[in-house]
Amino acid sequence: MKFVNFLANQREKRREQMREAGTCPDCLGKRFHHVGLYFVHVYECPSCQGKEDM
């Protein structure tokens, strides 16, 4: 369980750093998600709605 907690803490720390930097933590600043092959099924990020600004 310690390892799982460590990974969760690291993930939350990284998300907080991205928020502070103004980058969307859900799409990693790409403004879109892809499903399957890259650029075949592209969907706007629901968190930032595909905008560059947060």
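Visitor: What should I know before I start?

Guide: This is a predicted model, where local features need pLDDT of at least 70, side-chain atom pairs count only at pLDDT 80 or more, and totals for chains, interfaces and linings use all residues. Residues are numbered from 1 along each chain as its sequence is written, and side-chain values use heavy atoms, with hydrogens and water left out.

Visitor: Which elements does the protein have, and in what order do they run from the N terminus?

Guide: Helices (H or I, at least four residues) and strands (E, at least two) are DSSP runs, numbered from the N terminus. Here there are one helix and two strands, in the order α-β-β.

Visitor: How many residues does α1 have, and what span is expected?

Guide: The expected span of a helix is 1.5 Å times one less than its number of residues. α1 has 20 residues and covers 29 Å from its first C-alpha to its last, close to the expected 28 Å. After α1 comes Gly 22, with a positive phi near 85°.

Visitor: How many salt bridges does a search of the whole structure find?

Guide: A salt bridge is a side-chain nitrogen of Lys or Arg within 4 Å of a carboxyl oxygen of Asp or Glu. The search finds two. In one, the side chains of Arg 19 and Glu 12 meet at 3.8 Å, N to O. In another, Arg 19 pairs with Glu 16, with the closest N and O atoms 3.4 Å apart. Shared partners join Glu 12, Glu 16 and Arg 19 into one network.

Visitor: How far apart along helix α1 are Arg 19 and Glu 16?

Guide: An α-helix has 3.6 residues a turn, so residues three or four places apart point the same way. Arg 19 and Glu 16 are three residues apart in α1, which means about one helical turn separates them.

Visitor: What makes the nonpolar surface patch?

Guide: Patches are made of residues with over 30% relative accessible area and no salt bridge; like charges are joined within 9 Å, and nonpolar side chains (Val, Leu, Ile, Met, Phe, Trp, Tyr) within 5 Å. Accessible areas come from the Shrake-Rupley method with a 1.4 Å probe, and for residues only the protein chains shown count as cover. Phe 3, Phe 6 and Leu 7 make a patch of about 320 Å². Phe 3 belongs to helix α1 and is exposed, at 58% relative accessible area.

Visitor: Where does Leu 28 lie, and what does Leu 28 touch?

Guide: Contact means heavy atoms within 4.5 Å. Leu 28 lies in the loop between α1 and β1. Not counting residues up to four places away in sequence, Leu 28 touches Arg 14, Met 18 and Thr 23. Leu 28 and Met 18 are ten residues apart in sequence, with their C-alpha atoms 8.0 Å apart. Leu 28 is partly exposed, at 45% relative accessible area.

Visitor: Where is Arg 31 placed?

Guide: Arg 31 sits in the loop between α1 (2–21) and β1 (32–35) and is partly exposed at 33% relative accessibility. Arg 31 and Cys 48 are 17 residues apart along the chain, and their C-alpha atoms are separated by 6.9 Å.

Definitions and conventions. Buried < 20%, exposed > 50% of the residue type's maximum accessible area, 1.4 Å probe, protein only.
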